[in-house]
Amino acid sequence: MIEDLLDETVDPQLSGQSDESCQELKLSRRTFVQLLGAGLLITVTEGVSLGRRSGGRSRGSITVAARVHLNLDGTITVMTGKVEEGQGSRAQLTQAAAEELRVGADRIRLVMADTALVPDDGITAGSRTTPYTVPAVRRGAATARELLTRLAAKQWRVDGSALKVRDGAITNPKTKQTITYGDLAESKEVAEAFKQGVSSDVAVTAVSEWKVLGNSVARPNNRDLVTGAHRYPSDIVRPNMLYGKMLRPPSYGATLESIDLSRAKAMKDVVVVRDGQFVGCAAPSSFRAGQAIEAVAKTASWKTTTAHPSSKEIFSYLKERARSGRSRANTRGSTEQGLARAAKALSETYEVAYIQHVPMEPRAAVAEWSRGNLTVWAGIDWPQRIQGDLARAFGISSERVRVIVPDMGGGFGGKHSGEAAEEAARLAKASGHPVCVQWSRAEEFTWAYFRPAAAIECKGGLDSKGSLIAWEFTSINPGSAAIDTPYNIPNTRILSVGSDSPLRQGPYRCLAATANNFARESFMDELAAAAGADPLEFRLAHLENQRIRTVLETAAKHFDWPARRKRVTGDVGVGLACGTEKNSCVAACVEVGIDRRGGEIKVNEVCEAFECGPIQNPANLLSQVQGCIIMGLGGALREEMKFEDGRILNAGFADYLVPRFRDVPKIDVHLVNKTDIPSAGGGETPIIAVAPAIGNAVFAATGVRIRSMPMRGGLLKRA
Amino acid sequence: MDATVNLTVNGVKWTVTTDAERSVLEVLREELHLTGTKYGCGGGRCGTCAVLMDGKRVLSCTIPLSEADGKAITTIEGLASGDSLHPVQEAFLEEGAMQCGYCTSGMIMATVALLKEKPRPTDEEIVSWMNVNLCRCNGYPKILNAVRRAAEKMRR
C-alpha cells in the first residue's frame, strides 16, 4: 500500500483537481468519547459520512459536531485531519475557525490528526490545506455560528438576522440580551443542532471583512517549541516502552536468505522478531537494540539482485526505459511544421538528480497494543491512510487502529508513508511493550523515498523576428507538475513520460515542478539569448497570464533588473525565472558571484515575488517563501543522491550538502496580496524559480549553460 | 559495559548506571525523559542535539556518557525559570523563528552558548558559530534575527 500511495501521489493523473474520482466512504455509526489534554470531554455520536478522494481532497459532508465543539470555558475545540509539520497549518486553520465563529484565535483549541477525534481532511500535501481544508473548516465554523444564532433567535423569539455575533457572544442589539458560546456548551439543543451536516453553501466572511485571517497569528503552540515541552512523534514516551531497530539489507532489492538470531536472543532484555524479510530487535535502549541488530547482521546471508544503475548513468538509464507519454491537453498546432519553419531552432536536454527531503526529524513512531487495539503516534502526512495501512498489515479492522500525528519535525512531501509506524507496531506486538522506532539519519537517507530524477528534452523554434513559434517538451520520469508552458506559443507538444526508477521515488516540495520549471525557464533563457533579447522582455513578449506578469514585473522592479543586467561581468551575473503551479505564481531575480578558478557559484542575492491570492497569514507566508528560496539553493547547487550497486554512497550530512547559515544570500521577498480570487497554498511554488534563475545568472556571467541540477561549479573550470 | 556516572542536569543530580558508550543524547532522552534535546544525525553534523556541558556548547550525540561524569549539563528544559522564559527563548518567540521547530532547541542552546562567550557578536561571528546547526525548513533569516534580538536583550 505504501508503494501504491507513492505511485498515486506521483502520478500526474491523480494529482489533478477533478471531482470525478470522488468516492464516498461510509463509516459505521460509532461513538467517540475522548478526553482531550485540557480535560475536555468530546462526544461525537454521529454516523459520520466522510468523503475521501484519492490524492487527498476531502469531500462529502460531515456533521458540525465532527468539526466544532463548544467548551464550558468559552473556548471552542475545532477538529481537522491535517497535520502540522512546520508549514503553518495549525495557525492558519485556527484563524479560519476563529474568523467564522467571530472569536479571537486564542479561543480556538485545534485538535489535529488523531483518527479517533478528527474528520478525514485528506493528505497534507500538494498545497491543499489552503484551497480545500481552510474553506472546509470555515464552512463548518460558519454553519455552527448560524445554528447557534438560530437557537438564540428561537429562544428570544426574534428574527435571527437581527442578532449580532461578536467575540463569542450572541447579542440582541434591541434588548441587550446576550448569550455566550460557553453558556450554550452543554445545551441539549446545541448538541441536537450540531448533528446537522456542515452546510456546503453557507456564506463565509469576505476578504475585505477579515479580522483574524489576513493577520500574522503566531503558531498557537510556539511556546512549547522554545521550552522543549512539545512532544514530537520521536519524543513520545509510554510506560515500559522499548526502543526498536531494524535489520536493513546491504543494498536495494537484496533478500535475506538466512540469519542466526541466537546472539541477539541471548542478550538481556532484548526481543528479536523475524517475520520473512523483517528482522527487528526491541530493547530497553536504542543502544542495546542497535547492538542486538549488529550482532545478528554479521550472521545474515543476503541474495543480491540484478545490477543496479549508478547515479553516473542514471539519465541514459531513464531515457532508455522511457515509456510512451501522454500528450498534455494544451498541445496545439504542429511542432514539426513549426520547427521546420523556424529561423533558429534549439534542442537541449536537462537533467535533474534524485534528492532527499531530509526533514530534521527522521521517520519516527511509537506503537502500543492494548486488548487487540493498536495506537500509533507517528510522523506521517495522512493519519487515516496510515490507519488503513496498519489495519491491513495486522488483519484487524480500522476501528481497532488509532493513529495520532503530533506536530512533527518537517516533511516537505517526504512523509507520506508509514514505515516506522508499521515497524514499531510489529515490535510492540511481539514484545508486549510499547515500542519507539526512530530511523537514523542514514536510514532516512537510504530507505525513505526520493524526489524523482528527471531527463527533460526541450526543442524550441524562433521565427525571424525572434518570436517563439514551436515548443517541444518531453519530461521523462519526474511527473507532470508545472509541465505546461504558460507562454503563448502557436505550436506546442508537451509530454510527461514515465520510466523505471531504480530508486524509490515520491512527492517532494512542489514535486516535478522543481524539475520541469528548471528545464523550461533555463531553455527559455537559451531561446532569449538565441533571439538576442533581454530575458525579461522575451518572457513578457510571450506571456499573457496577468498573474505571472505581475510577479515577474514586481521582482524585476525591486531587483532593478534593467540596470543590473547591464552591469553583468564575468564574475557577477544576474538571472531571472518565473513560473506557476498549484494556482500560485512566482518570479525570482538572482545575483551570483562566480569563482571560475575555484569552480564556485555563490548566490549573493535573491529577490522573489510571490502571489497566492489573498494572504491569510503574512508572517507564515514569508517564512514559507524564505524557506523555499533557501531550500531551493540546495537542489540547485549541491544536493544529489550518489549511488552504485544499489547502495547510497552519501547517506549523511558530511557528503550530502544541504544549505547552512553560511549559504544564506541577501533575500528580498515581495508578497503580492491579490484579494479578488480564492487563496492558494504558499509552501511549495516559491521553490521553483530559484534554480533556473541561478543557472540563467551563471550563463549571463560566463556564457556557460549548465543543464543539470545540481549545477556543479566545476563545469565552469573546464569551460 | 555498564558504568555508573554522576551528572547534574538542569540543577538536578543524577546517578545513572548504564552502558558507558551510550551518548549523552540517548541518556537524556531515554533515561531521564528529557526529550527537548533532539536527535538529528548522530554524528555531530547538524547541531540539533546541542546542550551546554559545564557552560560550553557540546553536541550531545557525540559525547559518550562516560565523558559526562561529574559534569553539569543544561538542556532546553533548564533555561526558563518557572513561567519566565530565558531571553533567548523570548527572542525566538518574538521573531517567530521556528517553522517545524525541531531544530529550535539546538538553535536556542547554541545561541545561549554564543552569547556567553561573545555578548556582542558580529553578524559574521553569528553565522560562523551557528553554521553547525541545520534547519531544514531553512528558516535561517528569522533565526538570525532572533539571535541578534537575543544579543540585544541580554545586554539590557
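1. Let's start in chain A, at A:Asp525, which sits in helix H15 (residues 513-530). Keep in mind as you look around that this is a predicted model. A:Asp525 has 5% relative accessibility, so it counts as buried, the cut-off being under 20%. Leaving out residues up to four places away in sequence, A:Asp525 touches A:Pro535, A:Arg539, A:Asn696, A:Phe699 and A:Arg705.

2. Next, the holes. Searching the whole structure turns up four cavities of 30 Å³ or more. The largest holds about 70 Å³ of space, and its lining includes A:Arg451, A:Tyr508, A:Met631 and A:Pro692. Two elements of chain A each give two or more residues to that lining: helix H19 (618-637) and helix H20 (690-702). H19(A) supplies the largest share, four residues. By class, the lining of the largest cavity has eight nonpolar residues, three polar and one charged.

3. The second largest cavity, at about 50 Å³, is worth a look too. A:Ser623 lines it together with residues of chain B, among them B:Gly96, B:Met98, B:Cys135 and B:Lys142. Here the classes come out as four nonpolar, four polar and one charged.

4. Over in chain B, find the open sheet: five strands with mixed pairing, in the order E2-E1-E5-E3-E4. Strand E2 (12-19) and strand E4 (56-59) are the edges, each pairing on one side only. On average, neighbouring strands of this sheet are turned by 40° against each other, ignoring direction.

5. To zoom in on one pairing, take strand E3 (residues 50-53) of chain B, which runs antiparallel to E4(B) and is joined to it by four bridges. B:Met53 stands opposite B:Lys56 in E4(B).

Note on methods
Residues numbered from 1 in each chain as written. Chains lettered and ligands numbered in written order. Predicted model: local features only at pLDDT ≥ 70, side-chain atom pairs only at ≥ 80, totals over all residues. Heavy atoms only, no water. Pairing = 2+ DSSP bridges. Axes fitted to C-alpha atoms, helices over the stretch in contact; angles between N-to-C directions. Buried < 20%, exposed > 50% of the residue type's maximum accessible area, 1.4 Å probe, protein only. Contact = heavy atoms within 4.5 Å. 1 Å grid on protein atoms, 1.4 Å probe; cavity = no way out; pocket = protein on both sides within 12 Å on 5 of 7 lines; lining within 4 Å. Points joined across faces, edges and corners; volume = space filled by probe spheres on them. Nonpolar A, V, L, I, M, F, W, Y, C, P; charged D, E, K, R; others polar.
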